[in-house]
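Please study the sequence and the model before reading each solution.

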Amino acid sequence: MSTLSEARLVPADATGLPGWCDRFLEDPEAGEFFASRLWYDTLLAHALPPGAAPVLALGGEALLLPMLRAEGRLGALTSPYALDWRPLPAPGADPAALLAAGEALGRAWRFAPPIRLDLLDPEAPALEPLLAGCAAARLRPLRYRHTGNWHEAVAPGAGWEGYLAGRPSALRSTIARKLARAGREAEFHWLDAPGPPLEQGIAAYESVRARSWKPHEPFPDFDAALMRAVAARGLLRLGVLRRRSDGEPVAAQYWVLDRGRRRATVLKLAHAEGERAASPGTVLTALMIRRLLADDGVQELDFGRGDDDYKRLWVGERRQRIGVLLCDPLHPAGLAALLRQAAGRLRRRLGLSR
């Protein structure tokens with residue numbers, strides 16, 4: 001490990017993060033799931049882009065940044081499946097230590113191409129000290145809007161009926177009609193523990209995914225691996241809707257439970273395109289939320305990354321995830337990024353003045 005004033009880039013491998021990282025990582029049951037060993041080890045083993053190499057950026061003893069080097073550039077260790085990425089402070093690291101860590105990392109990244117950090121929560125505790133430290137080391141942090149995150153708090157004790165009362169009237173009507181039909185024609189399966197039923201549920205999810213409207217999966221093994229890992233910790237909630245007549249799965253989705261925050265986050269959901277008329281996705285989402293509220297006492301529903309129109313029907317609040325480019329103006333690519341930003345600002349200013 002490094003001293004308080006040093007910055008280091010430590011290569012990692014696809015077997016998972018080394019043991020010394022544990023002091024920086026969060027407990028998936030009580031902390032941020034996307035800052036846990038469970039998440040990062042699954043990501044490294046099953047969703048590492050070809051030709052990319054994981055790198056651990058250490059700011060002394062105070063700060064860890066899980067990163068990825070691809071095509072000669074560093075960036076945050078994220079994936080198409082991630083909702084959140086954040087700098088990981090050591091327990092007890094105060095703002096001064098985090099600022100010094102950021103400055104040490106900034107000095108180490110001088111004369112390098114821009115470093116991209118995305119999926120950032122603007123309120124992540126270590127973010128501002130990191131960026132301020134990098135700025136003190138001459139790097140220019142360029143912020144940009146990355147993606148939205150739709151979510152909603154559910155009042156304790158509100159239950160399904162209270163939650164449903166807050167939904168748009170068109171969705172309430174659709175849920176009432178389609179649930180009545182589904183009660184006659186479909187079977188709902190809730191899976192939350194390792195074992196043969198979970199493996200059948202994973203197979204059903206993959207079958208539905210293959211018959212859905214969604215594009216080809218970039219890492220086909222990842223969802224199954226994550227479901228198994230999360231189920232082993234008791235945090236998986238996998239739902240499958242099957243036709244009663246022949247048992248064919250028509251919709252599937254899986255959620256990750258955060259017991260500490262009483263939050264449930266949907267990672268993936270899909271329905272068979274040929275079953276669209278029966279709205280199996282809507283039916284399954286309603287059944288899952290009803291049970292998450294009743295059985296798990298969930299007080300926040302999180303619909304993950306992206307601004308898909310359907311999400312605002314189920315949840316009513318939006319968080320902005322941001323990205324940051326750390327640019328050295330003495331590197332040609334860094335200077336080009338800064339000039340592009342300045343040109344964009346000028347165009348917007350001229351547009352407003354007309």
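Rings of Phe, Tyr and Trp (its six-membered ring) pair if their centres lie within 6.5 Å; planes under 30 degrees apart count as stacked, over 60 as edge-to-face and the rest as tilted. The model is predicted, so local features need pLDDT of at least 70, side-chain atom pairs count only at pLDDT 80 or more, and totals for chains, interfaces and linings use all residues. Residues are numbered from 1 along each chain as its sequence is written, and side-chain values use heavy atoms, without hydrogens and water.

**Exercise 1.** Count the aromatic pairs and classify the pair of Phe 33 and Trp 39.

Solution. The rule gives ten aromatic pairs.

**Exercise 2.** Classify the pair of Tyr 81 and Phe 222, and state whether each residue is buried or exposed.

Solution. The ring centres of Tyr 81 and Phe 222 lie 4.3 Å apart, with 25° between the planes, and the pair is stacked. Buried means under 20% relative accessible area, exposed over 50%, partly exposed in between (1.4 Å probe, protein chains only). Tyr 81 has 7% relative accessibility and so counts as buried; Phe 222, at 0%, is also buried.

**Exercise 3.** Which residues do ring pairs link into a cluster?

Solution. The cluster consists of Phe 33, Phe 34, Trp 39, Tyr 81, Phe 219 and Phe 222. Among its members, Phe 33 is buried at 7% relative accessible area, and Trp 39 is buried at 1%.
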